[in-house]
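Reader: Could we go through this structure together? I would like to begin with its pockets and then move to other topics.

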Amino acid sequence: MKTLKSNLKLSGNGLMTNQNTVFDMHPSNEKGIRFHINNSIIEANVNNVVSTEHCVVLADVQSGAKNKIALIEHFMAALAIKEIDALDIFVEGGFETPIFDGSSKKWIEEFDKIGYTGESIDIEPLKAPVYFEKGKSSVVLLPSDKTKITYAVNFNHPDLKNRWVNYENNIDEIIEARTFGYLKDLETFQKMGYSLGVTIENTVGLKDDGTYTTELRSEFEPCKHKILDIMGDLYLTGYNPFKLNMNVIVKEAGHGYHIECAKMLLKNLKDKEK
């Protein structure tokens, strides 16, 4: 198992609530990612997902879902990228993961400063295809010689209309890709109590005139952020997507469909272990 070399405590405001949350991360010799909240333990498991409406939300389902941790996808993606498979996180303050700059960059930088111990557990690569489709959206996972990701979006923005982006060797551009949304929707969401922590630093706004609210870190950055999202979502299976050697092909999906496919993937992998 691979974990952090020592404790690491980070805090920051949430994207949705703007409340400050502390993540006090402790190395573990027990496989799994666990969030400790109000004397409850929430395992980073796809079966503990209770909402994907605005972000991925986990809850202590076995205890009545009284406690929850929200917007865990960027954090989970960082863990997957660094192959951390054993960690306990003690959560204080709010219930939403700190957003930082809207990507996984801060998490990975801080992990690297602390360092790591152990080796991540080897897993068998994907052996059989997994396929989820609904309407115009699809998520396809195919056995491959290594993990590859192709993601298509079709947003009402000239740069992001029928746009396909690939990941193979541009991991730094994926890590630093920030979350995004339509600028015109921000006021409405905030009146509804969402997106209260959105800033020009942590979110790329898509403007009606076909431009952005901030300079992009790389070409088609919002599409690359979708790759970050799905890798974090798929890691909720407990199997690191970067070690499954699969060709991930996604078309016009979101967290809800990522999670549905993750559930199918988990069943597929569990069946193969029997």
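**Pockets, core and contacts**

Author: This is a predicted model. The residues lining the largest pocket divide by class into 18 nonpolar, 16 polar and 7 charged.

Reader: How much space lies in the largest pocket?

Author: The largest pocket holds about 1,000 Å³ of space.

Reader: Which residues lie nearest its centre?

Author: Of the 41 residues that line the largest pocket, H54, T179, F180, G181 and F189 lie nearest its centre. The elements giving two or more residues to this lining are α1 (73-81), β15 (179-182), α4 (186-191), β16 (203-206), α5 (221-234) and α6 (255-273).

Reader: And what is the volume of the second largest pocket?

Author: The volume of the second largest pocket is about 430 Å³. Its lining has 24 residues, and K31, G32, T237, G238 and Y239 lie nearest the centre. At least two lining residues come from each of β4 (32-37) and α6.

Reader: How does that lining divide by class?

Author: For the second largest pocket, the lining has 9 nonpolar, 6 polar and 9 charged residues.

Reader: Let us turn to α1. Is it enclosed or open?

Author: Helix α1 is largely enclosed by the rest of the structure, because 8 of its 9 residues are buried. The buried residues are E73, H74, F75, M76, A77, A78, L79 and A80.

Reader: What follows α1?

Author: E83 follows α1, and its phi is positive, near 60°.

Reader: Which other residues have a positive phi although they are not glycine?

Author: Among them are N38, with a positive phi of about 50°, and N162, also with a positive phi of about 50°. As background, most residues other than glycine have a negative phi.

Reader: Where are N38 and N162 found?

Author: N38 is in the loop between β4 and β5 (40-43), and N162 is in the loop between β13 and β14.

Reader: Are these two buried or exposed?

Author: N38 has a relative accessible area of 61%, so N38 is exposed. N162 has a relative accessible area of 57% and is likewise exposed.

Reader: Changing topic, which residues touch the most other members of the largest nonpolar core?

Author: That core has 68 residues, and M25, F35, F75, F111, L141 and L236 touch the most other members. Apart from it lies another core of 7 residues, including L15, V57, A70 and L71.

Reader: What is F35 in contact with?

Author: Leaving aside neighbours within four places in sequence, F35 is in contact with F23, S40, I41, I42, A44, L58, I69, I72, F75, I89 and V91.

Reader: How many aromatic pairs does the structure hold?

Author: The structure holds 12 aromatic pairs. In one of them, the ring centres of F75 and W107 are 4.8 Å apart and the planes are at 65°, so the pair is edge-to-face.

Reader: Why does that pair tie together separate parts of the chain?

Author: F75 is in helix α1 and W107 is in helix α2 (residues 105-114), so the pair ties together parts that are 32 residues apart in sequence. Both F75 and W107 are buried.

Reader: What of F155 and Y182?

Author: F155 and Y182 form an edge-to-face aromatic pair, with 6.5 Å centre to centre and 85° between the planes. F155 lies in the loop between β13 (148-153) and β14 (163-167), whereas Y182 lies in strand β15, so this pair ties together parts 27 residues apart in sequence.

Reader: How accessible are F155 and Y182?

Author: F155 is partly exposed, at 22% relative accessible area, and Y182 is partly exposed, at 24% relative accessibility.

Reader: Which residues form an aromatic cluster?

Author: F23, F35, F75, F100, W107 and F111 form one aromatic cluster.

Reader: Lastly, where does C55 lie?

Author: C55 lies in the loop between β6 (49-51) and β7 (57-59). Its relative accessibility is 6%, so C55 counts as buried.

Reader: And what does C55 touch?

Author: Not counting residues up to four places away in sequence, C55 touches A70, L71, E73 and H255. C55 and H255 are 200 residues apart in sequence, and their C-alpha atoms are 6.9 Å apart in space.

Key:
Residues are numbered from 1 along each chain as its sequence is written. This is a predicted model: local features need pLDDT of at least 70, side-chain atom pairs count only at pLDDT 80 or more; totals for chains, interfaces and linings use all residues. Side-chain values use heavy atoms; hydrogens and water are left out. A nonpolar core is a set of buried Ala, Val, Leu, Ile, Met, Phe, Trp, Tyr and Cys residues joined through side-chain atoms within 4.5 Å. Buried means under 20% relative accessible area, exposed over 50%, partly exposed in between (1.4 Å probe, protein chains only). Contact means heavy atoms within 4.5 Å. On a 1 Å grid over the protein atoms alone, a cavity is a set of points where a 1.4 Å probe fits but cannot get out, and a pocket is an open set with protein on both sides within 12 Å along at least five of seven lines; lining residues have an atom within 4 Å of a point. Grid points are joined across faces, edges and corners, and a volume is the space filled by probe spheres set on the points. Helices (H or I, at least four residues) and strands (E, at least two) are DSSP runs, numbered from the N terminus. Ala, Val, Leu, Ile, Met, Phe, Trp, Tyr, Cys and Pro count as nonpolar, Asp, Glu, Lys and Arg as charged, and the others, Gly among them, as polar. Rings of Phe, Tyr and Trp (its six-membered ring) pair if their centres lie within 6.5 Å; planes under 30 degrees apart count as stacked, over 60 as edge-to-face and the rest as tilted.
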